[in-house]
Amino acid sequence: MRGKVSRRTIFAFIGPAVIGLAMVGIAPLLYALWTSLHFFNLTKLKKVKFIGFENYWTVLTDEVFWQAMGRTMFLLGTALPLQLALGLGIALVLHQPGLTLIKTLARLSLVLPMATTYAVVGLLGQVMFNQKFGVVNQLMGGANINWIGDPENAFVMIVFWDVWQWTPFVALVLLAGLTMVPGEIEEAARLETTSKWTVLRYVQLPFLIPGLVAVLILRTADTLKLFDMVFTLTRGGPGSSTEFISLMIQRVGFRGFDQGLASAQAIILLIITIILAQIYIRVFYKEVN
Amino acid sequence: MAAARTQSPLWGQIALLIVIIAVCVFPFYWMVTTSLKTHVVALEAPPVWIFEPTLANYREALFEDGVLRTLINSLVIAICTTGLALVLGVPAAFALARFEFRGKKDLWFWFITNRMVSPIVLALPFFLIARNLGLLDKHVTLILIYLTFNLPIVIWIVTDQFRGIPYDLDEAARLEGASQFRIMRSICLPLAMPGVAVSAIFSFIFSWNELMFGLILTRTDAKTAPAMAVSFMEGYNLPYGKIMATSTLIVIPVLIFALLASKQLVRGLTMGAVK
Amino acid sequence: MNFRKLMASTAMAATMATTAVADGHGWSLKEAAAPYAGTTVDVVFLLRPGYEAIEAMLPAFEEETGIKINIIKHPYENALGEQVRDFVAGGDLDIALIDLVWIGNFAENDWILPLADVQAKFPDAVDPDLDIDDFFPLVLNAFGGWNETLYGLPFDNYSGLMFYNSCMLKEAGFDGPPETWQQLKDEYGPALTKDGKYAFALQSKRNETQSADSFARVLWPFGGSFLNDEFKSNLLSEESQAGLQFRQDLMQYMPDGIVAYDHAETVNGFAQGDIAMITEWSAFYSTVVSPETSTVADCVEIAPEPMGPAGRKPALGGFSLAVAAQADDAEQAAAYLFIQWATSKANAREYLERGGVPARQSVYVEDGLEDFKFVPALVESWQDGVPEFRPRFAEWPEITEIVQEWGTKMMLGEVTTVEGAEEIGTRMEAVLEEAGYYSGEKPMAQ
């Protein structure tokens, strides 16, 4: 009985959103598909021609593309565990009773990094991590570390900002999970054992799983999308040490103007994204509906 | 019981919390103070903490370089796209939560997937389409393209919210002959308001902060604030004071907004993410 | 050299145009502009001294002509992308701002009009005093010309110069700057690199700076080049490799992280007394001698860039302004008037004094230029140079990306100079193949 409505009603409710999203989401995608099958250079529009899958072949065999992809995954692999560990720590601290005022303050402070414009984070990074007049080296006791000009340090710097901006998100999500643990169960468990680890593992963790899954999905997607902060901080340099996948595609498409090749790269990235999203959602998000 | 809780010493906790707060807040402190420095002071090594503040960077940024106009553009665009996302997204979310139809799961999945698509995938072709339609450097172009990430947020959060509302209420209304639209508007929507608010907050913040589309699809008339902040980065001379002043102007409004709405924001994380 | 032909054709067009209005009264900007008063001209400007100079002079032009110049400012790194997108979209720009390496691109896409065509179209707008021969021929040809046609007039002009801190050099026992690159490395390098100070800095950030200021700068003086006569990569030649290897060896006398140095960092380091010598564009003169931005203003001296085994091959760069094909007639005429005015002989002195660098020969022989210490070195550099210092063909935007990527990797030691040169060579040749140079579809012009 419930939920039985006419097709017309369904369409009236959902149609506008589908059409709207199709217009801005699917139409460009189809166009990108078309471009990716052509030689299509913005500065050579007179020479546009169909070349089949040549662009795809170029991308698939281009080690620079896969290096950028690998670098992106490596960033995810470094930053995400840090965010999870720190986020869980912060959530556990905030979850303890007492010290209400300072904890409220802490909770409010955690909102700030998340809301900060990503491009501004990069600009801020340039100012704070400058080797000479940056405050970071000063706070490290007058260290003379070359952050922006050294490939490894630059990567570390990107990890730092990613962790700075997104650990609060992880912390707040996990904190929300912790508050869902029914009080009686938690208290009962604490009577049984003094081991915090045991409580975390057997009592609290089950309530954290959905949040962890969401974090995993969103952080993976956002790392594949990562552009603004790196663009303003290092522009992918020095060398290619911070050239992540979205930066690379932007460079090919809007600096080299080879939109055909960039479209092929973008579509391959999209396919990878969808496969990952499918895996995450289908595997972890089974309880949907 | 009490013994287990007070295990970690209080002062340790306090110190930890202060560190957390300091790490979160310090970059903003540094941003604001740098924005109040003259160019020469900003480049002093090692950096100085006490100096005579000046508002010259703000004056220059706001009135000479036109940052003010880009802030207004960003505001208009973020509000409009959020409104549009709600108008389109709320009914769709209602349908996904309440109606049974074929392909529903796939549709839901498609909506959500859009949230994960890198903007660079769409930016290239959207630029070419906008160019053919004469829509470059127009507010409406950004308002529409921002739907690609706002609509999924609205649908994700609001669908969850609608699902949490008991069916009995609809049932009763339907027996009285109310249309589905009426049920949504008069019965479910008021109850789902927290979720709607949360999704609106998120989509506003995401739109305000967006850079790549703003950079590629606008030039002057519709230029957004983040795109403006980036445009001072000429390799010839980096006016850090001015860059930080512009950054402050962009970030402070959204931070205040986020703080005011922090309760809803955190609840949003619970709903969209934890549920 | 084909600029003789180019000059001849332009001169002819100019003469033709001039004779059309020469009879009767003298020419005046006000009268010439009268039909176009109220027209708005859109142009992209950079955030650099030469643009600030002309902006400061602009009110006089706008008042005289009633033409409004609408300036859209972009950092250099975005300027090409912004303009390409505008022209592809049939946008609003009425003037193209063209870096010498972009000219092939703009010309081949017919985004800009040949100067002669504009002059023929609007004969009344042509100033009889235009005197095109007064521009440094090398600069006019390299910045404004493509394939024997003149499109733009040189506006914001650079030559690479050596800026040196004479106080630091003196202290280390040197009377003057190094004559050759080899001397710079072998004698000045070890003597001046100590106590946290460095002998030299070569801005090498991964953007156009890497290709233009760093990579090309070590290629040419050592006899190397990007391409050989068959348009194949010449980067593996002995000379090119010598140059690239020289850069690697020189890095020990440069600050750490030089691959992240753009102009700003390099000039700042010099202006703060941390770096003894830099090779930078003439446009930075005002920055390093102004006490507001420089602590070493009194010590700054200027010389031409050092010589290599193949002679002195200073970096060449700069911008011309050309009339956009997409503008309507009134805008084209107004745009032409502005370009002609901004690059004119009459305004060259004021432009120079406000911090610009004009490309007019006449201004540099005037009296009272002692304050501009860069003039002799600049004039010498412009006597002869390499117009294809960076190849100017339409494929440059793609090729520069390749050079930037592998050039910085070379400097970081992630690849050897040979490996890097191989990578650049293969990728560069693929681009040129695609463009049709090897099939004979396209003439081998750079």
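1. Helix axes here are lines fitted to C-alpha atoms over the stretch in contact, and angles run from 0 to 180 degrees between N-to-C directions. On that basis, helix 5 (residues 118-128) of chain A and helix 14 (residues 240-260) of chain B pack with an angle of about 145° between them and their axes 10 Å apart. The crossing of these two helices is left-handed. Helix 5 of chain A contributes V120(A), L123(A), L124(A) and V127(A), and helix 14 of chain B contributes Y240(B), I243(B), M244(B), S247(B), I250(B) and V251(B). By class, this contact of helix 5 of chain A with helix 14 of chain B holds nine nonpolar residues, one polar residue and no charged residues.

2. The model is predicted, and its scores are ipTM 0.89 and pTM 0.89. Chain A has an average pLDDT of 89, with 97% of the residues scoring at least 70. Within chain A, confidence is highest in helix 3 (residues 63-95), at a mean of 95, and lowest in helix 8 (residues 183-192), at 84. For chain C the mean pLDDT is 90, and 94% of the residues reach 70 or more.

3. One stretch of chain C needs a separate remark. Over residues 14-24 of chain C, pLDDT stays under 50. The model has 15 contacts beyond four places in sequence for that stretch. Where pLDDT is low, the predicted coordinates should not be read in detail.

4. On the make-up of chain A: its secondary structure amounts to 12 helices and two strands. Read from the N terminus, the order is α-β-β-α-α-α-α-α-α-α-α-α-α-α. Taken along the principal axes, the C-alpha atoms of chain A fill a box of roughly 75 × 70 × 30 Å.

5. The contact between chain A and chain B takes 83 residues from chain A and 83 residues from chain B. On the side of chain A, helix 1 (residues 7-36) gives the largest share, 15 residues. The side of chain A that touches chain B divides by class into 53 nonpolar, 22 polar and eight charged residues.

6. Chain A also meets chain C. Here 21 residues of chain A are in contact with 20 residues of chain C. The chain A side of this contact has seven nonpolar, eight polar and six charged residues.

7. Chain C is divided into domain 1 (3-157 + 317-383) and domain 2 (159-315 + 387-435). Taken over C-alpha atoms, the centres of the two domains of chain C are 29 Å apart. The contact between them involves 26 residues of domain 1 of chain C and 23 residues of domain 2 of chain C. On the domain 1 side, the elements of chain C that give two or more residues are helix 3 (49-65), helix 4 (76-88), helix 5 (103-108), helix 7 (137-144) and helix 16 (375-383). Helix 16 of chain C gives the most to that side, with five residues. By class, the domain 1 side has 14 nonpolar, seven polar and five charged residues.

8. Two helix pairs in chain C can be set out in turn. Helix 9 of chain C passes helix 11 of chain C in a left-handed crossing. W181(C), K185(C) and G189(C) of helix 9 meet F246(C), D249(C) and L250(C) of helix 11. These residues divide into three nonpolar, one polar and two charged.

9. In the second pair, helix 10 (residues 208-219) of chain C and helix 17 (residues 396-411) of chain C pack at an angle of about 70°, their axes 8 Å apart. Since angles of 65 to 115 degrees count as roughly perpendicular, helix 10 of chain C is roughly perpendicular to helix 17 of chain C. The contact is made by E208(C), Q210(C), S211(C), S214(C) and F215(C) of helix 10 with T400(C), V403(C), Q404(C), G407(C) and T408(C) of helix 17. By class, the contact of helix 10 with helix 17 in chain C has two nonpolar, seven polar and one charged residues.

Definitions and conventions:
Residues numbered from 1 in each chain as written. Chains lettered and ligands numbered in written order. Predicted model: local features only at pLDDT ≥ 70, side-chain atom pairs only at ≥ 80, totals over all residues. Contact = placed C-beta atoms within 7 Å. Nonpolar A, V, L, I, M, F, W, Y, C, P; charged D, E, K, R; others polar. pLDDT = per-residue confidence, 0-100. Helix = DSSP H or I, 4+ residues; strand = E, 2+ residues; numbered from the N terminus. Left-handed = near helix turned anticlockwise from the far one by under 90°. Domains from an automatic or database assignment. Parallel < 35°, antiparallel > 145°, perpendicular 65-115°, else oblique.
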